[in-house]
Amino acid sequence: MPPKSTAAARWRDALRTNPDYVVYVPADDDTPAHDTGPRPDGPWDNGNTHFIVTVTTTGAFLATWTQAGDHFHGVNVRVVTSRSEDRGRTWSRPTVVEAPPDDSGKTPVWSVPVVVPHSGRVWMFYHRNTGPVDFDRGMTGVLSWRVSDDDGVTWGERHDAVIGRGAIDDPDPAMLSSWVPTGWQAPIVNRRGQVICPMTRWASNHYQRQFETVTSEIGFNARHHEGWFLRFDNVMTVDDPADLVVTTWPDADHGIQVQHPRDARISCAMEPSIQNLSDGRILAVMRTMTGWIWYSISEDYGESWSEAAPLRFQPGGPPIPHPSSPCPLHKLRDGRLLLFFHNNDGTAHGADGPGDGKARRPVCVSVGREIDNPGGQPLVFGRPHVLADNEYAVHSVTGRGGGMPMYGSFTDYAGEQVLWYPDNTTYLLGKRLTDEVLDDAWLPR
């Protein structure tokens with residue numbers, strides 16, 4: 001157990017990356033964890049991640065994240081929201097969207113919002129375990145959702161749907177799919193007006209048994225996983241939330257795959273981040289175990305995807321180095337793109353490969369532009385800028401060091417471009433991007 005920590009110590013931790021905004025700092029050890037007090041296995045709020053900030057139709061900032069006592073895949077986990085009416089300067093105390101009943105272990109996690117522009121309705125989608133556990137409680141479950149018709153202040157009743165299945169699921173339908181929605185961007189709207197949410201599908205224990213040898217050698221990082229997508233078909237028009245139609249894409253046995261460097265039978269394509277291109281295609285970038293970011297393109301609005309390839313700073317140039325960590329791609333209002341990544345192949349800072357958490361720092365960004373390159377990579381990226389680094393410091397909540405995996409989000413609103421990030425999956429913060437960081441004058445046009 002780490003030594004008891006004070007509010008002052010936690011605030012020192014929260015400020016070490018020089019944020020411009022502070023959204024949430026866990027309560028100190030002598031203070032009940034906000035609205036529900038301590039749990040039998042610890043407080044609710046020692047861990048905070050999967051952090052998305054979106055702007056509602058009134059101009060309020062709505063944040064949602066997964067909150068946990070210490071372990072996001074345990075039983076002490078819940079989905080919360082917080083609101084800011086002054087563009088992120090101050091935030092309300094968290095509101096619980098859903099917590100597990102008693103100590104049932106039926107945990108809600110990994111929330112993603114969708115705002116309907118013409119009505120102001122906010123949908124909150126999340127993963128929820130309903131009892132069965134395949135290889136991980138936080139990954140086996142249904143898609144759940146609630147809606148808010150008062151700008152994210154209160155939330156309606158819960159609705160559920162079972163997502164479409166794939167070849168790597170357990171053949172027993174009673175064992176639900178193992179999947180995680182991508183949680184560092186709100187779902188996008190494609191050129192058809194359909195709302196697309198990327199996700200990772202993980203191999204069931206049944207499917208993974210064929211890789212028993214390599215799994216026993218390198219564990220979790222050898223788990224087969226693929227890039228998939230949920231489509232909320234009528235979310236912009238449906239009146240009754242119970243009538244939402246959800247489909248799963250691609251309509252195939254397998255999603256996007258990238259060969260694992262240790263075993264070509266295993267896919268390591270994970271946590272796709274997607275953006276529309278100007279011609280209507282959709283680009284997905286993914287973390288992998290190769291030491292590079294990979295990408296795939298859909299020419300039919302997200303229903304099928306090209307064979308994945310390494311993402312490069314420019315076509316024919318070097319692959320963009322990155323360990324096994326989120327690599328979100330966000331779009332500016334002017335059409336440029338921002339790629340957030342760690343700019344190392346997994347061997348920096350004493351790490352021994354892409355799966356080593358010590359390599360998940362610092363947070364860097366490169367500005368990208370679309371280019372005319374038929375049949376090839378449609379983007380070029382500029383030089384990386386370092387935005388934040390915690391130097392893998394030991395923090396006062398757990399007594400452990402941790403990196404800066406980018407389970408955050410991005411807003412471009414009222415002339416301010418802000419990266420919202422969790423430091424060490426604990427402190428929820430924001431940093432403005434400067435004109436120097438956003439400068440792309442030398443990129444091809």
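How many bridges join strand E11 (residues 188-189) to E12? I looked this up and found two, with the strands running antiparallel; strands here are DSSP runs (E) of at least two residues, numbered from the N terminus, and two strands pair if DSSP finds at least two bridges between them.

I noted that this is a predicted model, in which local features need pLDDT of at least 70 and side-chain atom pairs count only at pLDDT 80 or more, while totals for chains, interfaces and linings use all residues. Residues are numbered from 1 along each chain as its sequence is written, and side-chain values use heavy atoms, with hydrogens and water left out.

I stayed with E12. Valine 189 stands opposite valine 195 in E12, and in the hairpin of E11 and E12, with five residues between the strands, glycine 193 takes a positive phi near 85°. I then followed E12 to strand E13 (residues 225-232), where eight bridges pair the two in the antiparallel sense and threonine 200 stands opposite glycine 227. Strand E10 (residues 178-181) also pairs with E12 in the antiparallel sense, over four bridges, and proline 181 has methionine 199 as its bridge partner.

Is strand E12 mostly covered or open? I found eight of its eight residues buried, where buried means under 20% relative accessible area, exposed over 50% and partly exposed in between (1.4 Å probe, protein chains only). Val195, Cys197, Met199 and Arg201 point one way, and Ile196, Pro198, Thr200 and Trp202 the other way.

Last, I looked at proline 354, in the loop between strand E22 (337-341) and strand E23 (363-370), and found this proline 354 buried, with a relative accessible area of 17%.
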